[in-house]
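Here's a quick briefing for anyone meeting this structure for the first time. Take a look at it, then read on.

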Amino acid sequence: MTNVTWEVVQRDYEKLRAQFPRFCGCDTCRGDVLVFALNRLSPHYVSTRQGEVLTELNLASDQERAKLDVILLEAFRKVGLAPRCGAKPVQLM
Ligand SMILES: [Zn+2]
């Protein structure tokens, strides 16, 4: 069983991370961003590989998709301002 939201959040994290070179991005900060986002998004569970692809496409055309980006950006902003790893806080946007 796979949570497609988890897959998409991880992929989008990598995409956004590339846009914020000042963001720490260590394991702690990455984990904090992913947890922040996943706690605010609905999980989408699928049982087969084919289902995974279909649900991911639905997710991509859905409002959930826009919500995901907004929430991920918010997570980057919050974690960037107060990294728990001890890195210097950064204002990303
Ligand atoms: Zn960090």
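**Starting from one residue**

Asp-69 lies in helix 4; helices here are DSSP runs of H or I with at least four residues, strands are runs of E with at least two, and both are numbered from the N terminus. Keep in mind that this is a predicted model: local features need pLDDT of at least 70, side-chain atom pairs count only at pLDDT 80 or more, and totals for chains, interfaces and linings use all residues. Residues are numbered from 1 along each chain as its sequence is written.

**More on Asp-69**

- Asp-69 counts as partly exposed because it has 13 C-beta neighbours inside 10 Å. The scale goes like this: a residue is buried with 20 or more other C-beta atoms within 10 Å of its own, exposed with 12 or fewer, and partly exposed in between, with C-beta atoms placed from the backbone.
- Asp-69 and Ala-37 sit 32 residues apart in sequence, and from C-alpha to C-alpha they are 9.2 Å apart in space.

**The overall layout**

- The chain has four helices and two strands, and from the N terminus on they run β-α-α-β-α-α.
- Of the 93 residues in the chain, 20% are buried.
- Take the contacts between residues at least 6 apart in sequence: 76% of them join residues at least 24 apart. A contact means that two C-beta atoms, placed from the backbone, lie within 7 Å.

**The nonpolar core**

- The largest nonpolar core has 13 residues, and Val-9, Val-33, Ala-37, Leu-72, Ala-75, Phe-76 and Val-79 touch the most other members. Such a core is a set of buried Ala, Val, Leu, Ile, Met, Phe, Trp, Tyr and Cys residues joined through C-beta atoms within 7 Å.
- Helix 1 (4–17), helix 2 (27–38) and helix 4 (63–81) each supply at least two residues of this core, and helix 4 gives the most, with five.
- Which residues does Leu-72 touch, not counting those up to four places away in sequence? They are Val-9, Asp-12, Tyr-13, Leu-16 and Ala-37.

**How helix 1 meets helix 2**

- Helix 1 and helix 2 pack at an angle of about 135°, with their axes 10 Å apart. Axes are lines fitted to C-alpha atoms, for helices over the stretch in contact, and angles run from 0 to 180 degrees between N-to-C directions.
- That angle makes helix 1 oblique to helix 2; under 35 degrees is roughly parallel, over 145 roughly antiparallel, 65 to 115 roughly perpendicular and the rest oblique.
- Thr-5, Trp-6, Val-9, Gln-10 and Tyr-13 of helix 1 make the contact with Arg-30, Val-33, Leu-34, Ala-37 and Leu-38 of helix 2.

**How helix 1 meets helix 4**

- Here the angle is about 55° and the axes of helix 1 and helix 4 are 11 Å apart, so the two are oblique to each other.
- Helix 1 brings Val-8, Val-9, Asp-12, Tyr-13 and Leu-16 to this contact, while helix 4 brings Leu-68, Asp-69, Leu-72 and Phe-76.

**How helix 2 meets helix 4**

- Helix 2 and helix 4 pack at about 140°, with axes 9 Å apart, and are therefore oblique to each other.
- On the helix 2 side are Cys-29, Asp-32, Val-33, Phe-36 and Ala-37, which meet Ile-71, Leu-72, Ala-75, Phe-76, Lys-78 and Val-79 in helix 4.
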